[in-house]
Amino acid sequence: MHITIRQLQIIEAIVQTHSYSLAAERLYMTQPAISMQMKQLEHNIGVKLFERQGKRIVLSSAAHDIYPQIQRLIADYDGLIQDIHDAKDLHKGRIKVSATTTSNHLITQMIAQFAKINKDITVSLKITNRGDLVQQLQNFEPDIVLMGEPPEKLDLLSERLIPNSLVVIADPEHKLVDKKKIPLVQISEEDLILREPGSGTRGAIENHFNQRNVNIKSSLELGSNEAIKHAVSAGLGIGVVSLHSILLELEANKLVILDVADFPINTYWHIVKRKGKHLHPAAKEFQDFILKEAVLYMDSYKQFID
Ligand code: PGA
C-alpha cells in the first residue's frame, strides 16, 4: 500500500472545500490531476473516500473514521517542515495561536510582551468564538489556544491559567445599580443582552442559570463583547460579560457591575493544545511564557471582584 502526503493534503482540501475544483485551486493543481490522485489512492487502499451529496463532495462513512488520523499526519508533516526551517535557529519561527473573542485583551497583551523579547518569532493570532475555535482544534490548525473550558470530546492537553469571572453589567444610571444581592430571577426578567450561541461566555451563562432552574432569555444577541458594552451603555439593557473585557470602562465609570446573587460566575482561562500535535521550539517557548506571565494579569482585575 502506497500513500503520499500529497494525497492526504488533497483529501483535506476536498473535505474543507467540498469540491474537486476548489481543492485543485487551493493546492495549485488541476482538477484532472486531483481526480486521478484520488482514483489511484482509492484503488490502492481499497476504500471509497468520497461521495456526492447534491453538488457537495463529502467523505464516505468509511473514510470518516480515518480522517482524524489523516489530519494528524498532515499537522505532523507541517510541524516537521517548520522544524526544518527553524533548525538553524531555535529562536526563529512562526506560531499559530488562536483565542476566544473574550480573551482578546489578555492574549494580545501577552503577545505584545512576548514579542518584545522574541523579536524573530512571529505570532499569528486568530480570534474567534468558542464554537469556531473548537472546529479549528478539531482540524489541528492552531499550535496553541487560549480559551475558557476546554471541550471534553477532543483529545487535548490543557493547563488552567487564571480566573475568568463573568459579571452582570449596567450603565451607571440603571435602576438596579444600588441594589444589593439582586436575585437571579429578577435578572432573568430584565432586558438581557447576551453573546451569540456558540460563544463560550454564552454557554457558561446558560449553564449557570439552568443549574439554578432560572429561565434565561436574551432580548438582544450580539457577536462581540464590544457590541454588548455599547448596547449596555446606550441603556438597551443589562449584559453579562467577562471582567477582562470591561476593565477600562469600569475605571472610567462608564459601566458598573451589578451586585447579583450567585455572581460572578467563576470560570477559568486555559492554555490548550491537541494531544499529538507537534510543537516547534518557538511555540514551546511561547507556551512556557504564557504559563509564567498569566499570573501577572491577575492583579489588574482582582480589585473589582473582591
Ligand atoms: P467566547 O469564549 O468569546 O466564545 O465567549 C469565551 C470562552 O472561551 O469561554
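# Reading a ligand site, its strands and its salt bridges

Q: Which residues are around the ligand?
A: A residue counts as near a molecule if one of its heavy atoms lies within 4 Å of it. Around the ligand here are Thr100, Thr101, Thr102, Asn129, Arg130, Met147, Gly148, Arg195, Ser199, Gly200, Thr201 and Trp269. This is a predicted model: local features need pLDDT of at least 70, side-chain atom pairs count only at pLDDT 80 or more, and totals for chains, interfaces and linings use all residues. Residues are numbered from 1 along each chain as its sequence is written, and side-chain values use heavy atoms, with hydrogens and water left out.

Q: How many residues of each class does the shell around the ligand have?
A: Ala, Val, Leu, Ile, Met, Phe, Trp, Tyr, Cys and Pro count as nonpolar; Asp, Glu, Lys and Arg count as charged; the others, Gly among them, are polar. The shell holds eight polar residues, two nonpolar and two charged.

Q: Which atom of arginine 130 lies 2.9 Å from an oxygen atom of the ligand?
A: Look for polar contacts, pairs of N or O atoms within 3.5 Å; within protein, one must be able to donate a hydrogen and the other to accept it, and residues adjacent in sequence count only if both atoms are side-chain atoms. For arginine 130, a backbone N or O atom lies 2.9 Å from a ligand oxygen. Glycine 148 also brings a backbone N or O atom, 2.8 Å from an oxygen atom of the ligand. Arginine 195 uses a polar side-chain atom, at 3.2 Å from a ligand oxygen.

Q: How much of the ligand does the protein bury?
A: Accessible areas come from the Shrake-Rupley method with a 1.4 Å probe; for residues, only the protein chains shown count as cover. Taken alone, the ligand exposes 290 Å², and the protein buries 96% of that.

Q: Where is the place of threonine 101?
A: Helices (H or I, at least four residues) and strands (E, at least two) are DSSP runs, numbered from the N terminus. Threonine 101 sits in the loop between strand E3 (93-100) and helix H5 (104-117). Its side chain reaches the backbone nitrogen of asparagine 129 at 3.4 Å.

Q: Does threonine 101 count as buried or exposed?
A: Buried means under 20% relative accessible area, exposed over 50%, and partly exposed in between (1.4 Å probe, protein chains only). Threonine 101 has 19% relative accessibility, so it counts as buried.

Q: How many bridges join strand E1 to strand E2?
A: Two strands pair if DSSP finds at least two bridges between them. Strand E1 (residues 50-53) and strand E2 (residues 56-59) are antiparallel and joined by four bridges. Phenylalanine 50 has leucine 59 in E2 as its bridge partner. E1 and E2 form a hairpin, with two residues between them. In the turn, glycine 54 has a positive phi of about 65°.

Q: How many residues of strand E9 are buried?
A: Five of the five residues in strand E9 (residues 238-242) are buried. Ile238, Val240 and Ser242 point one way, Gly239 and Val241 the other way.

Q: What stands opposite isoleucine 169 in E9?
A: Glycine 239 does. E6 and E9 pair antiparallel over four bridges. E7 and E9 run parallel, joined by two bridges. Glycine 239 is also the bridge partner of isoleucine 193.

Q: How many salt bridges does the count come to?
A: Side chains of opposite charge can pair when their charged atoms come close. The rule asks for a side-chain nitrogen of Lys or Arg within 4 Å of a carboxyl oxygen of Asp or Glu. The count here is eleven.

Q: How far apart are the closest N and O atoms of lysine 175 and glutamate 190?
A: They are 3.0 Å apart. This pair links distant parts of the chain, 15 residues apart. Lysine 175 lies in the loop between strand E6 (156-170) and helix H7 (184-189), and glutamate 190 in the loop between H7 and strand E7 (192-195). Lysine 175 is exposed at 58% relative accessible area, whereas glutamate 190 is buried at 15%.
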